[in-house]
Amino acid sequence: MMTMPMPSIDSVKVAVRVRPFSQREKNSRSKCVISMLSKTTTTIQDPKNPEHVKTFTFDLAYWSHSGFQKDKDGVLISADPSSNFAGQRDVFHDLGRGILDNAWQGYNATLLAYGQTGSGKSYSMIGFGANKGIIPNVCEELFQAIKNRERNQEYQVTFSMLEIYNEQVRDLLSRTKKLGGLKVREDQQLGFYVDGLTSVPCENYAQIEKLMEQGTKIRTTASTNMNASSSRSHMVVTIQFKQVFLDRHLTKQSSINLVDLAGSERQKSSGSEGDRLREGSRVNLSLTTLGNVISALADAAMGKKVLHIPYRDSILTKLLQSALGGNSRTTLIAAISPADICYEETLSTLRYAERAKKIWNKAVVNTWKLKEPRAENNKLQMMKTFPHLLNINEDPQLTGVLKYFIRAGSCDAGKAASNAITLQGLGILDKHASFTNMDGKVTVTPHSKCNVVVNGVPITMKTKLQHLVWIWSKAKFINRKFLMEELYQHFLDGGDSHEAQEVDPFWDPVEVVHLGSAHIWLQSLAYCMKFEEQVEFLNCDGLEEAMLHIHITSCSPTGQVHGEEDVVIDPLELLGKRIDFQIHIVQCLGIKWLKEDAKRGIQIGYRIYDLPNTLYTKPVWKIVNPQIEETVQFAALNVSQEFLNYLQTNALIVDLWGLQEGCAELRYSSQDFMVTGEGHIMVDTRKTATGMGTDQTTSNQISELYLKLLKLEQETELLRNINRALREENLFLKESLEKIGSVQEAHKPSSTLKIIEMAAQLPSAKEINQMCAQRASYDGELAKALKVYYQSMNMARGQFLRLRHYKPPVFDIIAYPEQIKAR
Ligand SMILES: Nc1ncnc2c1ncn2[C@@H]1O[C@H](COP(=O)(O)OP(=O)(O)OP(=O)(O)O)[C@@H](O)[C@H]1O
């Protein structure tokens, strides 16, 4: 159950940071209009009216404009002790550490970087080179602190990274861009969340660093007149940090949002036009709404009557709802330029920050006691983490209704009400067995001669219980349940209770366990495009078991990876051609199965299209984030329409299998597959229509046959034309021969000269012989071609009729074979 902690009421913490002059500002000989007279005050001078100075007071003011030098690693540090320069470490020390403290206490924390393009938001949040920003520093210190913590606590860190661009959400940890973006949904417990967002469990900083690098590469950037590298999108990095205190039966969870907002400048000053203007205005929808939300909350905090806070008006404010006036401790860093030319924008940023400062948040420690988790999800999570028993009952509706958590120490189970775990049923004694839970290791000991069976094996002494070892498929379970009922009936009828092992419903050999499946859509392959995915393996409860990192790459027969120039516009271009591709299982991350027991292993299996068997990766034991790096190359030598349809509409199902001590590993033999000369596994080898499964397949096959028939008819037409031409030529040759014969006959003795003249016009006997031979070979060719044609035609017609028989086709082409027959 969630404890009822008092909310801590805090205002949004606001910090201002002023950066050095940019080159552009230096070139235009800008003057500095900002000064920071103390650690909290910022003043700005109107360049057109120098007496006009405005002073703002915030929680912190960082002077990063001057008084610095580079150390040997390129890190910017104070030039001398009197300098008030604030470097990245100083900012992290105040803001980053504060976020970490909140996270450890179980508070949600949010840090927003606001300011015009080029004012230094990304510099503060992410940093550049050796000058690492808040996000990497927070992550690094978090893992450092986890390393030094006590053993009887468990920690889970997951990392996600998204971008809001043109009011669409893009997952920055996924290479595949979802058309229209990911959907933002609302959940009663969770509030707004991004459906389908990749969330990677991480065990060390190096993994996060890699993910951030990938995400930053994917992030959409568009140059504007203000700054060539400026970004027009909002980036949200979320770190979910969960602590489980095993001894106190307590869990704490904190969600850390680190947000690098898009440039806040008004459209006119960015000089955007046309499409960029539209983009600018849509980016501003999120920023404008953020401003409206902040103003409404600030008004409410000042005692004004506010009827509505417009959280729902933009994606950004939906996602930041809890950070703004809700359950979060929130900090805003306002990044500003020192230059006089940016006076208006800087003033507007400072005013924005002033409004944000008025917001009050009501943060609570997110902590749960183990006994009665708050929501069904939490129940599942708790049950996965903590040892517990579930009841079974003759009435299936009542099975699994009772849950007993096995607490630290010992407890008895049996019929007597005084037991911590009360059991009912035939053969259960008052004190039947006892459970012990020592440091998370659970054992069961039967009392005297009580019947206790663990995974099908009757036990007489203390026995260790393992979690998640025996998972049966639903079909197997239903089958076993019938056998159990039969056995029970047999027992009630007074039959012999001893059963042979093979018919014992509780006997189960140690076997490989199905942990979960991941789906990878194959559409990109139909366009010869490379794609890299990080997807979750979901178990039968729909919960994440691990993450899979996979690459599917279109390549040449020699394994050369295809580039952008090889992308096809229309998958039909591939019909009848050869395609090669590689499936590269890169890594598996955060495998829960392995976290629970060091004596376990995993294998990954998948089967693509018409392969007769599943391919498995080599077993990996004990490593929670194993680097698998296994690549298999496939070739489809003559791509069929059916295969193209498969690629465009299907996902590759990749299964995660759990190995346990003593079980047989999963294997496949390369002899099970047809291979090319290069040794690559052949797919799409099933060319005849067999075993049609669905209406869709049938109609696809019919249309494929229709196309074949059309092609055959065109070929016949061509052959007919050739035949006609050959006949004409034949006739002409015959006539010529006859003419020669009659001329020879008529003018035999006298006109030798004429004969010679005629002979000069007509083909010579040698030429005629050649022509005849040629004609004979044309005839032969024609006969062969016609034979092939009719054979193919018959085959196609046969298939077509079989298909018709299978499902009466509904479209016009049914008449087609008849037309061909009639010709
Ligand atoms: N505190 C600082 N110290 C040194 N250089 C800085 C500092 N802040 C910003 N810069 C430099 O100023 C330039 C612009 O900064 P940055 O890219 O962080 O701006 P931005 O506000 O994130 O812009 P955009 O909205 O385009 O993302 C960069 O070259 C960066 O290195």
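## Ser640 and its loop

Where is the place of Ser640? Ser640 lies in the loop between strand S38 (627–636) and helix H13 (641–649). This is a predicted model. Ser640 is buried, with a relative accessible area of 8%. Arg686 stands 46 residues away from Ser640 along the chain, yet their C-alpha atoms are separated by 9.1 Å.

## Confidence

The mean pLDDT of the chain is 79. Of its residues, 78% reach 70 or more. Two stretches call for care. Over residues 370–384 the pLDDT is below 50. Beyond near neighbours in sequence, residues 370–384 have 34 contacts in the model. Residues 688–695 also have a pLDDT below 50. That stretch has nine contacts beyond near neighbours in sequence. Where pLDDT is low, the predicted coordinates should not be read in detail.

The largest nonpolar core has 49 residues. Those that touch the most other members are Ile520, Leu548, Ile602, Ile604, Ile608, Phe634 and Phe643. Strand S34 (residues 579–589) gives the largest share of this core, five residues. A second, separate core has 47 residues. Among them are Phe192, Ile294, Ala334 and Ala353.

What does Phe634 touch, leaving aside residues up to four places away in sequence? The contacts of Phe634 are Ile579, Asp580, Phe581, Ile583, Tyr606, Ile608, Leu611, Leu615, Ile681 and Val683.

Three strands make an open sheet in the order S3-S4-S5. The pairing is antiparallel. Strand S3 (34–35) and strand S5 (53–57) stand at the edges. Each has a single partner strand, so one side of each is left without a neighbour in the sheet.

Strand S4 (residues 41–45) and S5 are joined by five bridges. Within this pair, Thr41 stands opposite Thr57 in S5. Helix H9 (residues 343–357) packs on the sheet and touches S3, S4 and S5. The direction of H9 makes about 35 degrees with that of S5.

## A five-stranded sheet

Another open sheet has five strands, in the order S25-S24-S26-S27-S30. Its pairing is mixed. Here the edges are strand S25 (421–422) and strand S30 (463–465). Each of these has a single partner strand, so one side of each has no neighbour in the sheet.

Six bridges link strand S26 (residues 433–438) to strand S27 (residues 441–446), and the two run antiparallel. Ala433 faces Pro446 in S27.

Helix H4 (residues 134–147) has 14 residues. At 1.5 Å a residue they should span 20 Å, and the end C-alpha atoms are 20 Å apart, which agrees. The buried residues of H4 are Ile134, Ile135, Pro136, Asn137, Val138, Cys139, Leu142, Phe143 and Ile146.

Helix H5 (residues 205–218) also has 14 residues. From first C-alpha to last, H5 reaches 20 Å, close to the 20 Å expected. Its buried residues are Tyr205, Gln207, Ile208, Leu211, Met212, Gln214, Gly215 and Ile218. An α-helix has 3.6 residues a turn, so residues three or four places apart point the same way.

## Two residues with positive phi

Tyr609 sits in the loop between strand S35 (600–606) and strand S36 (615–616). Its phi is near 45 degrees, a positive value in a residue other than glycine. Is Tyr609 buried or exposed? At 15% relative accessibility, Tyr609 counts as buried.

Glu629 lies in strand S38. Its phi is positive too, about 50 degrees, although Glu629 is not a glycine. At 42% relative accessibility, Glu629 counts as partly exposed.

Methods:
Residues are numbered from 1 along each chain as its sequence is written. This is a predicted model: local features need pLDDT of at least 70, side-chain atom pairs count only at pLDDT 80 or more; totals for chains, interfaces and linings use all residues. Side-chain values use heavy atoms; hydrogens and water are left out. Helices (H or I, at least four residues) and strands (E, at least two) are DSSP runs, numbered from the N terminus. The expected span of a helix is 1.5 Å times one less than its number of residues. Buried means under 20% relative accessible area, exposed over 50%, partly exposed in between (1.4 Å probe, protein chains only). A nonpolar core is a set of buried Ala, Val, Leu, Ile, Met, Phe, Trp, Tyr and Cys residues joined through side-chain atoms within 4.5 Å. Contact means heavy atoms within 4.5 Å. Two strands pair if DSSP finds at least two bridges between them. Axes are lines fitted to C-alpha atoms, for helices over the stretch in contact, and angles run from 0 to 180 degrees between N-to-C directions. pLDDT is the predictor's confidence in each residue, from 0 to 100.
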